Amino acid sequence: MSGRDAIVLAGIGETRVGKLPGLSSVELQAEAVIRAVKDAGLALHDVDGLLNLGPYVQPSSMFATTLAEYLGVKPTYCATIDVGGTVTGMTMIQNAIWAIESGQCEVAVCTFGENALTGRAVGVQGLKMDNLLGGEEWEEPFGVQGMVIPYALLAQAWRDEHGTGDADFGAVATVTRAHALLNDNAQMTKTMTQEDYLASRMIATPLRLFDCSLVSDGAGAVVLMRADRARKLGARQVAVRAVAQKTTHNSAAALPDIADLGMAEAGARAFEAAGMGPEDMDMLALHDAFTISVLITLEALGFARPGEAGALARSGDLSLGGRWPLNTHGGLLSQAHIGGMLHIVEAVRQLSGDAGKRQVEGARRALVSGNGGVFSVCGAMILEAA
Amino acid sequence: MNDQADLWAPMPHPTGFSATFWDHADKGELALPKCEACDALHYPPRRFCPECGGDALTWTAMSGRATVVSHSTVLTSFHGQDWVGQLPYVVVLVDLDEGPRMLSRLVGSDTIARGDRVHVTFAEVQGRRLPYFTPEGAA
Ligand SMILES: [Zn+2]
């Protein structure tokens, strides 16, 4: 897609993140939408497409229409999409593009946000959520609940396959933390050294507390429209060059070998569709629910050879000023876990040259990756400054 | 490491179909659905063969022998106070000799490594017997 009919990301919205008591999930999403629409130079009544994901922390249904009513908008295209971390965001964007192309709507907003930190049911401990993930029958009787243990199994397998260790995981955690310190809207505000990483308590071997992402309240949103309209508005113009997705399984009870996860296929298809490769990317926004997520993704997408992603992180190539700055906003590990919506918001911000003291100089192309569940659904999206 | 008498876990909430898996376990058998059309075994059990969609499935006894693919020693409860008393415990991902992969829990040992041989053992948990694994050579 190019020329005057191309569809672009033209606005971004981000709420404060962290502990936001007293705010409901719909209030957070509404705030992000209003900010994104204003950022694009439009008003709420211009919105005729609305895509979202309901909060994971509270079971919900019809959350897109809930949000539409709350905002007072009456869209001609409205949908809730749920395929997991950051893949949801890029799948919303793909659906928004199709909806605009086919004439269902002209201005589509995609949003996710929830009060995952303060909105948990009373009496719930650890990371247990109300929502079912679908594999409970084959996980809970065996001592498995939630996401940490499944990722610990992946992390142990990766270490055993490649003889890698703590230093690789710590490198991802510290690089990401350094970036979060340049973001005024980040939950983590203290420096993290490799020693700090190693001193953090073990949760489920080999994963420590600092291998795990944050639990956060907050929301993010993006606005899509045709490029000519964005141009007239003087709005941002970031083109979506490719979105590709691959599902291989759902629950941890069906966890494949690392080599059989879907990220490599999703990445290869995205690069092929865009006519680009890893060498063409200026920055990376990789879903980082856990440090191991980043290591596996870097290798699957071809940014590092198998077993060498940790060395890439230690080399400085993933830091600001390096070849492929990683999660310049601080990611899920050190900014906030808003389901990856803020990875997309940050990529658009960077490609608009609008990232302030953490701006990646001359950034024109970004690779956004996501994975839902335990690499169950993998997605890759390539964005380019239009 | 827990004594078997202390084991706790949330009980499964089976469907009419998957209840057969747990009923076999109560009798000390590890049985998986085998497709009559294509001979594929699968786990977790589903009403339809994930290879061909076939619904003619026969519950088939496994040897219970397996090889460890990955493992994690859990030091934090993800199920509130109920699981605190289980800590630390070991979760294992194993490949059965017959092929299918299972997520389960290790008992009878605190230590395990990728490639180790294990076999099924039916642990008493809240009045049911659950298919956990234990290292070859352990009781
Ligand atoms: Zn079959």
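Reply: Happy to start with burial: 50% of the 139 residues of chain B count as buried, where buried means under 20% relative accessible area, exposed over 50%, and partly exposed in between (1.4 Å probe, protein chains only). This is a predicted model, in which local features need pLDDT of at least 70, side-chain atom pairs count only at pLDDT 80 or more, and totals for chains, interfaces and linings use all residues. Residues are numbered from 1 along each chain as its sequence is written, chains are lettered from A and ligands numbered from 1 in the order in which they are written, and side-chain values use heavy atoms, with hydrogens and water left out.

Me: Thanks! How many helices and strands are in chain B?

Reply: Chain B has 2 helices and 7 strands, in the order α-β-β-β-α-β-β-β-β from the N terminus. Helices (H or I, at least four residues) and strands (E, at least two) are DSSP runs, numbered from the N terminus.

Me: Switching to cores: which residues touch the most other members of the largest one?

Reply: Those are Leu284(A), Phe303(A) and Leu30(B), in a nonpolar core of 98 residues. Such a core is a set of buried Ala, Val, Leu, Ile, Met, Phe, Trp, Tyr and Cys residues joined through side-chain atoms within 4.5 Å. H5(A) gives the most to this core, with 9 residues. A second, separate core has 40 residues, among them Leu9(A) and Leu342(A).

Me: What does Phe303(A) touch?

Reply: Not counting residues up to four places away in sequence, Phe303(A) touches residues including Phe271(A), Met281(A), Leu284(A) and Trp324(A). Contact here means heavy atoms within 4.5 Å.

Me: Now the rings. How many aromatic pairs are there over all chains?

Reply: The count is 16. Rings of Phe, Tyr and Trp (its six-membered ring) pair if their centres lie within 6.5 Å; planes under 30 degrees apart count as stacked, over 60 as edge-to-face and the rest as tilted. Tyr151(A) and Phe290(A) make a stacked pair, 4.5 Å centre to centre with 25° between the planes. Tyr151(A) lies in helix H5 of chain A and Phe290(A) in the loop between strand E9 and helix H10 of chain A, so the pair ties together parts 139 residues apart in sequence. Both Tyr151(A) and Phe290(A) are buried.

Me: Which residues form the aromatic cluster?

Reply: Trp138(A), Phe142(A), Phe21(B), Trp22(B), Tyr43(B) and Tyr132(B) form one cluster. Within it, Phe21(B) and Trp22(B) pair edge-to-face, 5.0 Å centre to centre with 90° between the planes. Phe21(B) is buried at 1% relative accessible area, and Trp22(B) is buried at 0%.

Me: Last one: where is Cys38(B), and what is it in contact with?

Reply: Cys38(B) is in the loop between strand E1 (31-35) and strand E2 (57-61) of chain B. Leaving aside neighbours within four places in sequence, Cys38(B) is in contact with Cys49(B), Glu51(B) and Cys52(B). Cys38(B) is partly exposed, with a relative accessible area of 33%.
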